[in-house]
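Here is a short briefing on charged side-chain pairs, written to be read alongside the model. Have a look at the structure first, then follow the pairs one by one.

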Amino acid sequence: MEEAKGPVKHILLAKFKDDVSPEKIEELINGYANLVNLIEPMKAFHWGKDVSIENLHQGFTHIFESTFESKEAVAEYIAHPLHVEFANLFLGSLDKVLIIDYKPTSVHL
């Protein structure tokens with residue numbers, strides 16, 4: 001299969017530290033969401049909490065999805081000073097984190 005063309009999804013799975021208050025989590029989520037207004041390569045942002053009944057989340061409670069036009073745009077975002085500043089604050093509140101970038105691919109049978 002050839003690599004998919006089109007946007008890149010940047011997925012971050014997070015488990016906040018036990019001592020991080022719900023108010024602090026909300027503040028961090030709002031800060032993350034605001035990056036889409038501040039960093040041009042970031043085209044969209046969505047987030048949610050785990051609602052699965054399968055209990056396979058391995059402790060991860062929140063998912064954050066950002067959309068970019070290309071892998072190069074993701075790299076530009078990651079290096080952006082506002083992202084670096086926010087990431088240091090955000091990651092300091094996490095117990096576990098997993099990040100995956102991928103290009104959504106359709107299967108044509």
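The count of salt bridges in this predicted model comes to six. Side chains of opposite charge can pair when their charged atoms come close. Here is a friendly tour of several pairs, grouped by where they sit.

**Between two strands**
- K9 and E65 form a salt bridge, with their closest N and O atoms 3.8 Å apart.
- This pair links distant parts of the chain, since K9 belongs to strand β1 (residues 8–16) and E65 to strand β3 (residues 62–68), 56 residues apart.
- K9 counts as buried because its relative accessibility is 17%, and the cut-off for buried is under 20%.

**Within a helix**
- In helix α1 (residues 22–38), K24 and E27 lie three residues apart, about one turn of the helix.
- Their side chains meet in a salt bridge at 3.4 Å, N to O.
- E27 is partly exposed at 48% relative accessibility, and K24 is also partly exposed, at 27%.

**Between two loops**
- A salt bridge joins the side chains of K43 and E69 (3.9 Å, N to O).
- K43 lies in the loop between α1 and β2 (44–49) and E69 in the loop between β3 and α2 (71–79), so the pair ties together parts that are 26 residues apart in sequence.
- K43 is partly exposed, with a relative accessible area of 38%, whereas E69 is exposed at 56%.

**A network**
- Salt bridges also link K15, D18 and D95 in a network.

Terms used: Residues are numbered from 1 along each chain as its sequence is written. This is a predicted model: local features need pLDDT of at least 70, side-chain atom pairs count only at pLDDT 80 or more; totals for chains, interfaces and linings use all residues. Side-chain values use heavy atoms; hydrogens and water are left out. A salt bridge is a side-chain nitrogen of Lys or Arg within 4 Å of a carboxyl oxygen of Asp or Glu. Helices (H or I, at least four residues) and strands (E, at least two) are DSSP runs, numbered from the N terminus. Buried means under 20% relative accessible area, exposed over 50%, partly exposed in between (1.4 Å probe, protein chains only).
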